[in-house]
Amino acid sequence: MRIVFMLLSLLSFLPLTAQIRINMGEDSPMRKLQIAEMAISNLYVDSVDEQKLVEDGIRGMLEKLDPHSSYMTAKEVKTANEPLQGNFEGIGVQFNMVEDTLLVIQPVVGGPSEKRGILAGDRIVSVNDTAIAGVSMSKEEIMRRLRGPKGTKVNLGIVRRGIADTLRFEIIRDKIPVKSIDATYMIRPGVGYIRIGSFGAQTHDEFCESLLKLSGEGMQSLILDLQENGGGYLQSAVAIANEFLSKNDLIVYTQGRRVPRNEYHAQGNALFEKGKVIVLVDSYSASAAEIVTGAIQDHDRGLVVGRRTFGKGLVQRPIDLPDGSMIRLTIAHYYTPSGRCIQKPYEKGKAKDYAMDVMNRLKSGELMHADSIHFADSLKYYTLKEHRVVYGGGGIMPDYYVPLDTMKYTRFHRELSARSFIINASLHYVDKHRKQLKKQYPTFELFKQQFEIPQTVTDEIIAEAAKKDIKPKDEEELQQTLPYLRLQLKALVARDLWDTSQYFSIINERNDIVLRALELMNQ
């Protein structure tokens, strides 16, 4: 009876219009499910975990549906929601692991660690008298020990460069904001740049702050970077799109078999209704990112530059279960204002094939050649003001296609990056030279103009990689690798000395999609 009770409880979370009448007659599928669960629980030769049995049953049903319907345990729900909710509770440090030691990259501004005097470059070696350095403790376990309810205390042992003794700090945990805006800066005179990493509960507020900041610095045009943005909350995407569109402009609508059409319109209070806009996308821009992109493109409000987006246009409804777990069930499709369905084709029950789509695009040549993409005439739509041709049937196709530069990321570079040689080298370098760098480059502008990564740093990376038998295949591959490697290292150093805006300010100077957008801005 447990599974029947669970399903009845599940339905109680749905509104009456979405509830389905359960037929418990002899021929009912629900009756079969009930008998199967009871038989296994009571008659199976070995003992079984009924909770896991039910969970596996739910997962099995959902796996036969679309690729985005899923089941999450209570723990998975909490982990998944934290970045989107915009905060978590902890001590407030950005950190990375270096040789089994937690190295503080930056304390969160205004957070509990900064208030108690934790500094960038500090090493946290113990938490509540338990050693976390040099004991091969997982990053997840360290995070578990550092996080905790707001108002609780945690004692940290800190090793600081230049001080012999281990320092002791008592930190009172607090709410720590999670930023979803990766970068905000003036990329050229009059041209602002905002990169959104995901669409969370606080993204719209952050975005408005970024717009106002850049407007105060003379922004007249905007590059909105949604590359690698995997999506997030629908309401957040609607709120962002609202800042560009005129009153009553349709932003997106949803519709499903049992869900009536639901439209979202602009409110007429846009902060940036008139300035020139270019949206940047790639194969990993998905869901909420595609909603914003589609709305701007369909209303001819701005240009879209990059590569075809992921094509995630399925709406999931969260269905909370009594134990804190959750079913995310697909109930509808997203449609752009012109009527395009964002969702790419898929076969039910073949989630692995679906997940390989981006890799298949690489193999087919789509990421390198726009002419390898073909759309049927039945997928042809028209923008709402200028009546330009756009296509549905899977993601948003940009107005200006930018091919992937496979020469920039050599095999050798990918190996160095995947095995953390690059990030570790930058952390070591900044840790050793932080004071000197801050004194020599008091402003980021001076750093960007004058700083170059020393040859010794790249030499050390190559030497360390060689010890693991990771080498360039020849001198040509090495020379192809070095320019972007040096730029990446410079950007990482800037991030550790300042923030992610400074990282993107440097790395974007070799981003082909960003550079194409700047060309179009000049036109």
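Colleague: Is Asp129 buried or exposed?

Modeller: In this predicted model, Asp129 is exposed, with a relative accessible area of 72%. The cut-off for exposed is over 50%.

Colleague: Where does Asp129 lie?

Modeller: Asp129 lies in the loop between β5, residues 123-127, and β6, residues 130-131.

Colleague: What is the phi of Asp129?

Modeller: The phi of Asp129 is near 70°, a positive value in a residue other than glycine. As background, most residues other than glycine have a negative phi.

Colleague: Which other residue has a positive phi without being glycine?

Modeller: Asp469 is one of them, with phi near 65°. Asp469 sits in the loop between α15, residues 455-467, and α16, residues 475-497. Asp469 is exposed, with a relative accessible area of 62%.

Colleague: Back to β6, please. What is the accessibility of Thr130?

Modeller: Thr130 belongs to strand β6. Thr130 counts as partly exposed because its relative accessibility is 32%, and that class covers values between 20% and 50%.

Colleague: Which residues does Thr130 contact, leaving aside its neighbours within four places in sequence?

Modeller: With those neighbours left aside, Thr130 is in contact with Val125 and Arg145. Thr130 and Arg145 are 15 residues apart along the chain, and their C-alpha atoms are separated by 9.6 Å.

Colleague: Now a change of topic. Is Thr293 buried or exposed?

Modeller: Thr293 counts as buried, at 0% relative accessibility. Its place is in helix α9, residues 288-298.

Colleague: Which residues is Thr293 in contact with, beyond its neighbours within four places in sequence?

Modeller: Thr293 is in contact with Leu226, Val279, Val281, Val304 and Ile396.

Colleague: Let us turn to the strands. How many bridges pair β17 with β18?

Modeller: Seven bridges pair β17, residues 314-320, with β18, residues 326-335, in the antiparallel sense. Within this pairing, Gln316 stands opposite Thr330 in β18.

Colleague: What is found between the two strands of that hairpin?

Modeller: The hairpin of β17 and β18 has five residues between the strands, and Gly324 takes a positive phi near 95° there.

Colleague: Which residue is opposite Met72, and in which strand?

Modeller: Met72 stands opposite Met326 in β18. Strand β1, residues 70-72, is joined to β18 by three bridges, and the two run antiparallel.

Colleague: And how many bridges join β13 to β18?

Modeller: Three bridges join β13, residues 250-255, to β18, again in an antiparallel arrangement. Thr254 has Tyr334 of β18 as its bridge partner.

Colleague: What is the strand order in the open sheet of six strands?

Modeller: The order is β10-β11-β12-β15-β16-β21, with mixed pairing. The edges are β10, residues 181-188, and β21, residues 400-401; each has a single partner strand, so one side of each is left without a neighbour in the sheet.

Colleague: In which sense do β11 and β12 run?

Modeller: Strand β11, residues 191-196, and strand β12, residues 221-225, run parallel and are joined by five bridges. Ile194 stands opposite Leu224 in β12. In general, side chains in a regular strand alternate between the two faces of the sheet.

Colleague: Let us step back to the whole chain. How many helices and strands are there?

Modeller: The chain has 18 helices and 21 strands.

Colleague: How does the radius of gyration of the chain relate to that of a compact globule?

Modeller: The chain has a radius of gyration of 26 Å, which agrees with the value near 24 Å that a compact globule of 523 residues would have. Along the principal axes, the C-alpha atoms fill a box of roughly 80 × 65 × 50 Å.

Colleague: What percentage of the residues is buried?

Modeller: Buried residues make up 48% of the 523 residues. The chain exposes about 26,600 Å², and carbon and sulfur atoms supply 52% of that area.

Colleague: Among contacts between residues at least 6 apart in sequence, what share joins residues at least 24 apart?

Modeller: Of those contacts, 69% join residues at least 24 apart.

Colleague: One last topic, the charges. How many positive and negative charges are there?

Modeller: There are 68 positive and 66 negative charges, and their mean positions are 2 Å apart.

Note on methods. Residues numbered from 1 in each chain as written. Heavy atoms only, no water. Helix = DSSP H or I, 4+ residues; strand = E, 2+ residues; numbered from the N terminus. Rg over C-alpha atoms; globule rule 2.2 N^0.38 Å. Buried < 20%, exposed > 50% of the residue type's maximum accessible area, 1.4 Å probe, protein only. Contact = heavy atoms within 4.5 Å. Areas by Shrake-Rupley, 256 points an atom, 1.4 Å probe, with all protein chains shown as cover. Lys, Arg positive; Asp, Glu negative; His and termini not counted. Charge placed at Lys NZ, Arg CZ, Asp CG, Glu CD. Pairing = 2+ DSSP bridges.
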